[in-house]
Structures are given as C-alpha cells and as structure tokens.
Amino acid sequence: MTAKEFFKSTSFKCIVALLSILLVCGIFLTIMHGLLEVTAEEKLARAINKIYGKNVTTEVSDIKNKELDLATIEEAYCVTSEGGNYLVKSTGKGGFAGTVTCWVVVEIKDNNVSGIGKVTIDSYVGETQMAEIKQSFLDSFSTGYKDGIYYTTDDGFKVSSSTKSSNAICNAVNGALQYVKTEKLGMETNDIFKDFAYTQFIDKKSTTFKLSKDGGITYNITANGYGYADKFEIEITVSKDKTISAYKVTKDGSSGGYETPENIVNGEKFIGKKLEDITAILGEGLEYPGDDLNTEINTGSSNSTYVCYAAAAFALANYDVALANIDMFENFEYVKFINKSKSKYVVNDDLSVTYTLNVNSYGYTDKFEIEITVSKDNTISDFKITKDGTTDPYETPANIANGKKFIGMKLEDITAVLGEGLEYPGDDKNTEINTGASNSTYVCYTAAAFALANYDNCVPAESEGGNANE
Amino acid sequence: MFDNTVVVSTPPHVKSKRTTRGIMLDVVISLAPCAIMGIVFFGWRALMLELVTVFTCVATEFVYFFLQNKGFSNKCAHAGEVCKRWLKQFDVSSVVTGLILALILPSAVHWYEAVIGGIFAIAVVKMLFGGTGKNLVNPAAAARVFMFLSFSATMIKYGLPAIDAISADSGTLATGATNLSVLLGKNPSTKLSALDLFLGTGVAGCIGETSKAAILLGFIYLVARKVIKWWQPLFFIAVFGFVAVLTSGFAYDTYTFDIELFLPHILSGGVLFGAVFMFTDYVTSPKCVWAQLLFLGVSAILVAVMRYLTTLEVTSFIILLMNLFVPLIDKYVMPRPFGYKKEKKVKEEN
Amino acid sequence: MNKYKKITLDGLIFQNPTFMLVLGTCPTLGLINSAFSSMGMGLTVLVILTLSNVLISLLRKVIPNEVRIPCYIVIIATLVTFARMFLEKFLPDLYDSLGGFLALIVVNCIILGRAEAFANKHNVAEAAVDGISQGLGFTLALTVMGIICEFFGKGSLFGYAIMDFKIAMLATPAGAFLVYGISIAVFVYVVDGVQRMLRVKANKLARENMLKEAA
C-alpha cells in the first residue's frame, strides 16, 4: 500500500473522522468546564444556602469545648450578613440508640440569644423512627423559644411516635444554645452539675441531691431512658465510704412486657456496691454492652437495668463533687441570716454540733464569722467570734465578743428576746439587744438562734440512737 | 384376538384416592397445634392474625379466579357459575399458605400489614405464576420476606409469651431479644434451657414457631398420614445443627466446638418450623430422593452459615433462595426411570 | 405530517423505551423510589437523547460506517458530561439525587439504541422528533412508576409526606422490579385492549360501508 493509497483508504477516513470528533468534543468540554466549574466555597455556600434559603456570608467560628454533656458541637459559623447570628452544627446525644446531627440557627440580638431561627436535620445514626420527625416539629423550636429555655421532651418538644429521637434533637438544640451562650457570649450557665461525671445519663432538670442523715448523700435521680426503657426516678443514698447504702426505684420506666427485675426495683442488687463494681461491668464509659453480651445487664429488661446501673454509677462517681456542691442548709430554719456558701457545720463525736457561720451583715454591722458549738442537750456550749464585724465607733460588748453571754443558752432564751421571727426589735426598745452595738448584738443573737434551732437538722434522731448503742 | 392384559393409556397410570385437597387438609390439621399454642402464648393478637391472613389468602385467590374467569363480563351474567367452579377447584392450599404465613409472623404485626402480606403471597407469588402447583417459591416464605423488608418496625418485635419459663436453669431474655440473638452473638450461650425452648415457655418469637412441641406434634401427624417423609426434616435438622455448632465456634474468643449448643441451635428460631412445614412443600422442593437430599443439605448449611454471618433468623430467605434452585436441581439430578438399568461401561479393548 | 405523528406515537406508546422495548432498566430500577429523581432522570435523558439524535443525524454522512459506534459513544459521553456539569452548577438538588446514575446515561441503551436504529437513517427533523418522543415516553413511564413506588414505598409524593403507612420494600430496587413488571403487564394489556377496540370499530365501519355500497 503506498502512501497515496493509504490517504484514500477507508481506514484513513475512519481515523480522521474519529479523531476530529474527539478533538471537537474535547475542546467543547474544556471550555464548558471552565464556565461551569463548582468551587469548594460555592459548595459550602450551597450547604448554608439550603438552611437559610438565600445567600449569606459566614465566618468560621472556633470551638473550644466540642464535647458538651448532651451534645457535640461539630461546626460553627458566625453569619455576618444576618446580624451576627450563629449557625451551629450540633450532634445531640440521647436518641433511641444513637445520635442526631442538626444545623441550628441561633439568633442574636443585643449580645443575647433572642431565638432559634431554624433547625434542620443534617444526619443521624442509630435512629429508627426519623421518618416521623416532621418539619412542624423542627419549627416548634423557633416558635417555642423563651429566654433561658431548656428544651425537653417533657415540655412537649417531641413527636410522640419518636420520643427518643426528639430527645436527641432537643439535646442538639440545647447544645447549640449552650455553645453560643458560654463560648460566644461569655454567659455563665447556672449548672450545678457542671463538674459532675456521667451527666449524660440523668435529667439535670429534675435531679436533686442532698445530705443524707448518715452523712452520706441522697440523690433523687431522674435517669434518662435508653432504648425501650423510659425515664426512671430513683432514690439513691451513697454513704460516706462511697458505697450505696440505699437504692429505691420510685418510678419504673420499663415498658410493658419487659419488667425491671425485682432486686433492682427494691435496690437489693445495689446495696454495698462501689463504683468499681459497676465500671467492671459497663466499663469506664458506661457503654451499653449490647444484648448479645452475657453480662449482669442482660436481664429480662436489659435497657431498664442499664439505666439503673448508669444512675448508680452517676451517684457513686459524684460523691465528692456533690458534697462540695451540696446545699447543707436545706430545710434549715433562719437561714436568711447566714451566708450559706461560706458556712458549714460538723457533727462531733459527742453528738454536739459545731457551726462555722458566716453571718450576714445588718445595718451598721459588717459580716461576722462565728464558731458556735451546740451540745447534745440543745444548749450552746461554745461561742467564739473569729471575725468581728462591728464597725467603728461601735464596739461589740465584751460578754458577747468572748461568747460568755451565750454559753448555756437555749433557743427559748433568744426567742423570748427577739420573738419567733427573730425580728430586729428596734433601737428604742429596751431589750438585751440594746447594747452599745445593737446591730452587732442582734446579728450574734440570730447566729446563735440559727445554731440552736437547727440542731435536729444536723443530728437526726436515728443516728442519735445508733450512737447511743455504741 | 385382543390381549386384555396389556392396556394402552395416557399417564398417569397409577391413581390413588389422595387429592390435593385431602393433603392440604392434612397440613392444616398438622398446623393446628402450632396455631393453638400461638393463641395460648400470644393471645387474641395471634388469633386475629391467623384469621386475617387465612381470610385474605382465600379471598385473594377467589377474586383472582373470578377476574381470570371473567366473572364480571356481560354484567356479571356468569358470576354464579364462576363461583361454583371456584368452589369445585378450591383445594385449601390458600388456607395453608395463610395459616403458615400467620405462624411465622411476630404477634406485634398490624392487621393491615398481614393483609398486604397475604395478598402478596397469593396474588403475586402464587396466582401470577399460574396458581397451585405452579408457583416458583413458597408463597408464605416470600410474603414473610416481603413483609420483613417492608414493615421492619413490627416484623422484628418479638413479644414474650404469656407463660414464663418453667425451668429453673432459664434466665430471662433481654429486651427485644430472642434466644437466637443471644445464641448468635459473641461468646454464644443459651439463656433458656432446652426444656423451655422445646415447650416455648418464656421464649420470645413468632406466633407459631415458639412451641417446638406443637411442631413435633404436627410432624408426627404428617408422617403418620404419609404427607411428608420422616427423614426429610430430620436430615435437615441434623445437618443444620451440626454446621451451626461448627460455625458458632468461631464466635468465641478462641475456637471452641461446643456440642452442647446443638439443642439450643435447632430449638431456637424458626428452623424447626421451616424444616417440617416449608422445606417439605411439594411444589417447591425437588422430586427424587437424591435431589431432595441435595436440596435439604445445601439449605441446612446455608441457613446455619448465614445465620452465623448475619446474626438474623434467615430461614425464610434461604427457603426463598433454594426454591429458585429447585428447577435446576430437578434438571440435573434425574430420578431413575422405572425398569431402567445403568449401562455398565465396557472397557474397549484395543 | 403523518410520518411525524407515527414517530411520536411510536416513541410514546408502541415503541415506548421502558414498557415496550424494556431499555434503560438500570436507572429505572435504581431511581423510581422517588418521583422527583425519576422525573429528573427522564428529562435529562430527553435532552441528551434529542441532542444526540440531532448530532448523529447531522453527522450520519460524515461518520464512516466502520467506526460509527465509537463515534456515537464519544458524542453521547460528551453530551452526558456536559449535562452533569450543567446540573451540578444550576440544579444541585437534582444532581445529588441522581448520583451515579447520571454518569451511567452514557451506557443507557435508549440513547445508543435510537442512534443506531433511527438517527443514522433519518434526517435531522425526524431524528429530533424521535428523540423528543422517545424521551417523553421514557420520562412519563419513569414518573408514573416513580409516583407509584414513592407513594406506597415512602408514603410521600415528590418529597411531600402524605401518609404514615408505607410498604418500605417498594422503595427498594427489588420492589421497583415488582412495580416495573406489573406496570409493563398493565401497559401492554391496556394498549392491546385499546387497539382491539379500535380494530373492531374499524371493521364494523368497513362492513357497514360495504353493505351500503352493496345496497
């Protein structure tokens, strides 16, 4: 085949046709690519656009504390074109068996949160009933916003056929709110469970704790549900040696057909348990072990049992923190005269009670710090002013300053002078109070009254009997 | 001049008094113990589901027949005649399908879901392929798979029976778990004693699969009436149990062959029910003995292995899968024709 | 004019690519769980099919017979790539919902089939009409099945939730297969029925005419 023949042959025609089509198509696509390329910024803008429904300008906002109690903050943007609103991607915990990730628009006005703009679902893991979550439910977060709101399913923020997933969404929104409030607006959240461990298992809103009669801590825990198990209400007492001394399920959240085992409802199973006993089963993270694992949890109602174990772990793990945070003077009388946070008391071995009181100021008087010991027969056995709050030119009378005046005093002696309400009698009345420093004297009298009136609160009747036997 | 000893006729040459209707009635009777135990264990929901599926299946078959035979043409002129014809050909097989379907459902299934399952079983799986004897796969198994994929929320809600475990060795099952889920999990063990598993007391499961004693009763009846051969389910169960024990050894931290799991394995889940009532279905199982052995053996191995791999009860899926292979097995494993002798291979001499 | 009518009817009914030719089943089974995406798919194919038919019809004299298939594939692939770019830029929602099936249009039998069976034998106008009618036939079939599958499988229509009850299997490719098969049966049954009716009517008319003439 000569060259001339080749150029005339069909093969050549085929090659030319194919190559030219390829060339034309290639050039066309190159040009189109240049015209139609979608950049990375455009993609992010699109994602945000989907949420806002229009184009907005954003700035990436940094996150210091990603892991909140009930949510994980994934991403956050400050929407500069919308008056500094925040767009937070937050993953709410506490779903049916997983988490729900939402985009939450937190609206800002005057450096304060003014509302929830919009909540959209980004993705979810482990939830089975997400199809039930409708737009109207997501809208209820913006319509139902109040200042300082904490969204819970109990307050109606739920879809009844998908309560657990609703709970996770509530948590995601709460997490976003908390993130914006604490990190972006620098507001302190008044959260007494701030330093507590394992708070993800409990409902912080309705969980309380107080000093128990034997010196341990009694928790009234509302435990979050898990899987088939609904919320539990459990009363747990942790004694001084950090073991459980009392355990009672007051509201059983197990669902029909899967009743909580008897020895868990009446608490027998938990008496004497230590934190290590529970982490030995569930591990440090208190993960649900799964139905297939053959652990103690695997009872007829594994989910409920798990919830009860988690509550016990919460109670045990937080003994020290709770003790530090406890309101020792709950139910005490005359507390208005003392500064609760700086006052404390101890029960001595001989059943006398020694108070270290920081007494509130009154009139001309500054704060007093007084140590009072009330003996077993409910009289004052020791009275010592460690810091005199009397201001010049007044001077606390000597018998009060050294406490002699109060030794042996009973509550009746003080109420006889001041009345049941411990009202300030007034400077003109000629009472014992009317010394050279009436205000200071009054303050010392109230402190003494406080110490005397609350002896029974500090030393409960039972422990008295118990000690007497020793 | 005629030789009367030789009769020339078209097949079938051998006839018996057994009819499809008679056999199907036998099957219904053999299912009765399971149905009754289901009602005892799961109450009115079980009864409701059994009635709903049976009614739906029969009604669907009737409607299909009515339409197919043009019951509506000429302003329903032949409606009565069509109904009569339907009654004449009615062979109870749709009742069997409906009853089996109800028995392999959990009691939590809603009635309308059962209705859709019944319609699917009869209309799509059976009638579209030509009616009784022509369906490719077991209608009840196909309907269960269809419902499993469609209504996953209720189809995995296995309720606990009304009667608690009676044996002292038995623990209580975890929420939503069956004995099978414990058995197929890591480090397999059995929560319930073999006695409880056999009686079905305290066993979470499907309506009819829970009480193995009832299934055994049905099995004995079917064998006595010569509806199925005694060795079919036994062969299946034996192969299955052995392979299941073999495979579940891998679920331990180190491989352990624990023959004590044999009983729990065969008594958990729906294997026994499938072996007795579904793998022995005439229409969807091979014809000759060797083919049946092959069919049952492969099915048993598949059920055991897939159960281990998926940690789900897969019996109905395997029934469906193996049913599709039946024509192939029938083609290659031929029965020896009557009077046929295998030709001996004669060595050719040089 | 009659020619175009026939091409159109063929595309929509008698040679409907989905129900009669059973072409392009892969995107059909994959996408009919959602009415929106199946309609989007149908319209995308409509556009690509029309363009490819026109281009191939234009080039039918130029392209040598020996290399026609590679040439068609190059042209179709170019058009599909262009369609992808266009959708990603201007219709990102549709682009996301079509996913990998968009790229698979290249090997969609309808487009190559029409190029091979029709466009390279007819002029541009006819090829364009064929592309539009075949594309419309495909779109309608997919949309109808998409509506059925989405309604029963997800309880919604074009993404708007309607009811809580759903038969989830119909939203899976396996369920789509069921719906597809039943849809073909119904379509063929209806088309056959209508044709038979028309024939009976025509016969009757012819008979009457004959009788009239005889009288």
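**Exercise 1.** Find how many residue pairs are in polar contact between domain 1 of chain B and domain 2 of chain B.

*Solution.* A polar contact is a pair of N or O atoms within 3.5 Å; within protein, one must be able to donate a hydrogen and the other to accept it, and residues adjacent in sequence count only if both atoms are side-chain atoms. Between domain 1 and domain 2 of chain B, two residue pairs qualify, both at pLDDT 80 or more. The model is predicted: local features need pLDDT of at least 70, side-chain atom pairs count only at pLDDT 80 or more, and totals for chains, interfaces and linings use all residues. Side-chain values use heavy atoms, without hydrogens and water, and residues are numbered from 1 along each chain as its sequence is written.

Next, the helices (DSSP runs of H or I, at least four residues, numbered from the N terminus). On the domain 1 side, α1 (20–42), α5 (93–103) and α7 of chain B each supply at least two residues. The largest share, six residues, comes from α7(B).

**Exercise 2.** Describe the interface of chain B and chain C by its contacts and buried area.

*Solution.* Count contacts (heavy atoms within 4.5 Å): eight residues of chain B meet six residues of chain C.

Then take the buried area, the accessible area (1.4 Å probe) that two parts lose on being put together, summed over both. For chain B and chain C this is about 660 Å², with 87% from carbon and sulfur atoms. In chain B, B:F146, B:L149 and B:S150 lose the most area to chain C, together 49% of what that side buries.

Technical notes
Chains lettered and ligands numbered in written order.
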